[in-house]
Structures are given as C-alpha cells and as structure tokens.
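Here's a quick walk through a few pieces of one protein model. Have your viewer open and follow along.

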Amino acid sequence: SSFTDYPSLIYDGPFSDHIMQREPQLLKGQNEISQEEAFKIASEFSGIDKAQLQLSSIEEGHMPSYIFDGQGVTISVTKAGGYVSYLLNSQYPTDILLSQEECINIAKEFLSKHGMDSVKESYYFSDNGICTINFAYTNNDIVFYTDLVKVGVSMQDGKILSFDANGYIMNHKDRQLDSPKISLQDAQSKLSPYLNVTKSGLCVIPTDGLQELFCYEFLCKGQNNQDVLVYINCENGNEERILILMYSDNGILAM
C-alpha cells in the first residue's frame, strides 16, 4: 500500500521536485562566471555556433543561471561554476530508426565527451520516439542514486534532445562513507524468504527528508517471477525501501 500510484524512472519521479528545495551542493564555493564565459560553454556543449545563440533570460532563485536560445534549443548554464544544468531541443522525432540500446550508447558517448565518465546507466524509458536514460554517479563500485543525470536521445537520428543534470548539481559532493557495519550476508538475511537474490551491490539512495542512506541493493526474483529491488541499511539492517521493476517494450520503470 506504500507504493506510489505511478511508475517512474528509478529515483526520478517523486524525488525530483523535492530535492530542488535544497541548496545546490556542487555549486558551493564555486566562482561566478561571466556572461561571455557562459556563452562559450553553451556553444561548446550544444554544438551551436555562438553567433546562433542569444541570451534569453537570467534566472535567479536557488540556482542562478544564464539561459540561452538558438536553433530550437534552450540551454541553461549556472552562474556559479559554469555547469550546464539542462538542455532542451524542440525537435520531435517522426520515425524510429534506432534501438534503445543504440540510444543508450549514444548517451554514454555524449556524457563521456563532456567529461562525465564516472556515471553508469541505470534505467530507461522511450516515448514518442525519444529514449530517456537515467545515469547515476558511481565511485568505488558504489552507485549514488542521489546524483542523477538524465539524457533524452532521438530514436530517429541519435540527436541529444534533452539533458538534465539538476539532480547531480543539487546533490553531488565529496562523501566519506564508513565501511558497512553489517555484512552482505547479514543484510541478505533480512530479506523476505519469498525473494531470491540475483544481484547485489552498494548504493546511496535519497529519502523524502532530503537525507542520504547508505544501503545494500538487492535485485531479487519474487513470486510470479517479478523483479524486485530491496534496500537494506548498511548501518542498522533496516529495510529502507522496496521497488517493483516494470518491464515493457518502452523500457524499465520502477514503482
């Protein structure tokens, strides 16, 4: 009864608006860039010549940013640090010529090109010819579902139609995680006897209270061969969250 009413990309959906209430962790202590520097960053990131871009607005609030428009693309660059927080392309695909796997590889290459190598794809979903992939920051084989980057790829021509790094900018910081206080075997013993573990690992997940929890993540097979993710707290062995994975021709969602 505690499950949400709708499926979403893992740790996307209901967490997205909530984390935007906090101060951006990545921007703390960063120097402010000039408008001209932001122009250069927007041009290099989007591949659009500076002559074709124009400053459309300046956002203030929790994440002050320069907003640029050009050739149907809107791109936001933070004043502090000069990070691209989002890119939106107004183009809509009219045909599907690429597979989801090809789109995932294109998104990975795009992120690598822009210096984001320490991320791994988690789950994806396609709709209206756009494949959207969630990438999570990883370090020492620990997946940080708090630090998300979302990339939307055209399934027609592989063009990057959306990029959203708000989750990453809001949450990414240097973390010193202590070793788990309970072993993997002890954590697994907390699982329901109706679940069979197929994969396990370490991760950090967000909470509704803007906190982070260091957990063991167990991918399990449940009754009726259903895939279930269970998160066991590394500190105290508490079961923190259960997610049911939903598979379709459009991708993988969780609820």
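## Ground rules

This is a predicted model, where local features need pLDDT of at least 70, side-chain atom pairs count only at pLDDT 80 or more, and totals for chains, interfaces and linings use all residues. Residues are numbered from 1 along each chain as its sequence is written, and side-chain values use heavy atoms, leaving out hydrogens and water.

Helices (H or I, at least four residues) and strands (E, at least two) are DSSP runs, numbered from the N terminus.

## Helix H2

Let's start with H2, which covers residues 35-46. The expected span of a helix is 1.5 Å times one less than its number of residues. For the 12 residues of H2 that gives 16 Å, and the end C-alpha atoms are 16 Å apart, so the two agree. Just after the helix, Gly 47 has a positive phi of about 75 degrees.

Which residues of H2 are buried (under 20% relative accessible area; exposed is over 50%, partly exposed in between, with a 1.4 Å probe and protein chains only)? They are Ala 38, Phe 39, Ala 42, Ser 43 and Phe 45. An α-helix has 3.6 residues a turn, so residues three or four places apart point the same way. The buried residues of H2 pack against several elements, among them strand S1 (54-59), helix H3 (100-113) and strand S8 (160-164).

Strands count as paired if DSSP finds at least two bridges between them.

With S6 (residues 130-139), S7 runs antiparallel through 10 bridges; Phe 135 has Val 149 in S7 as its bridge partner. Their hairpin has 2 residues between the strands, and Asn 140 there takes a positive phi near 55 degrees. S7 also joins S8 by 4 antiparallel bridges, with Gly 152 opposite Ser 162 in S8. That hairpin has 5 residues between the strands, and Gly 158 in the turn shows a positive phi of about 80 degrees. With S9 (residues 196-206), S7 runs parallel, joined by 3 bridges; Phe 144 is partnered with Val 204 in S9.

## Gly 81 in its loop

Where does Gly 81 sit? Look in the loop between S3 and S4. Its relative accessibility is 26%, so Gly 81 counts as partly exposed.

Gly 81 and Leu 27 are 54 residues apart along the chain, with their C-alpha atoms separated by 6.3 Å. Not counting residues up to four places away in sequence, Gly 81 touches Gln 30, Asn 31 and Ile 33 (contact means heavy atoms within 4.5 Å).
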